Amino acid sequence: GSGPPPREGSPARAVVRIERKGRGGKEATLVEKLDLPAAGLEAWLDDAKRALGCGGTVEGAALVLQGDQRERVARWLERRGVRKVTVGT
């Protein structure tokens with residue numbers, strides 16, 4: 001793969017999945033396994049919300065974005081230098 005080199009401090013992997021339960025019937029896209037410090041998670045969340053034009057929050061070690069953003073989140077993560085992006089269901 002060509003493309004930009006990984007950024008300093010970019011996570012090696014991420015798992016993207018959809019969650020439909022426990023959110024008042026609304027879908028949410030979770031980004032897990034980033035293995036980032038809390039400040040890093042907040043920074044990535046801010047960037048994701050801007051890039052995707054959606055709301056979101058940090059829950060534990062995961063980013064939670066409103067709606068089904070799996071395809072867009074996967075592309076965004078790759079642009080951010082994550083080498084292995086796994087998209088689940």
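Student: What should I know about the model first?
Tutor: It is a predicted model: local features need pLDDT of at least 70, side-chain atom pairs count only at pLDDT 80 or more, and totals for chains, interfaces and linings use all residues. Residues are numbered from 1 along each chain as its sequence is written, and side-chain values use heavy atoms, without hydrogens and water.

Student: In what order do the five strands form the open sheet?
Tutor: Strands here are DSSP E runs of at least two residues, and helices are H or I runs of at least four, numbered from the N terminus. Two strands pair if DSSP finds at least two bridges between them. The pairing is mixed, and the order is S3-S4-S2-S1-S5.

Student: Which strands stand at the edges?
Tutor: Each edge strand has a single partner strand, so one side is left without a neighbour in the sheet. These are S3 (56-59) and S5 (84-87).

Student: Which residue in S2 stands opposite Arg17?
Tutor: S1 (residues 13-19) and S2 (residues 28-32) pair in the antiparallel sense over five bridges. Opposite Arg17 stands Leu30.

Student: What is the geometry of the aromatic pair Trp44 and Trp76?
Tutor: Rings of Phe, Tyr and Trp (its six-membered ring) pair if their centres lie within 6.5 Å; planes under 30 degrees apart count as stacked, over 60 as edge-to-face, the rest as tilted. The centres are 5.7 Å apart, with 80° between the planes. The pair is edge-to-face.

Student: How many residues apart in sequence are the parts this pair ties together?
Tutor: Trp44 lies in helix H1 and Trp76 in helix H2. The pair therefore ties together parts separated in sequence by 32 residues.
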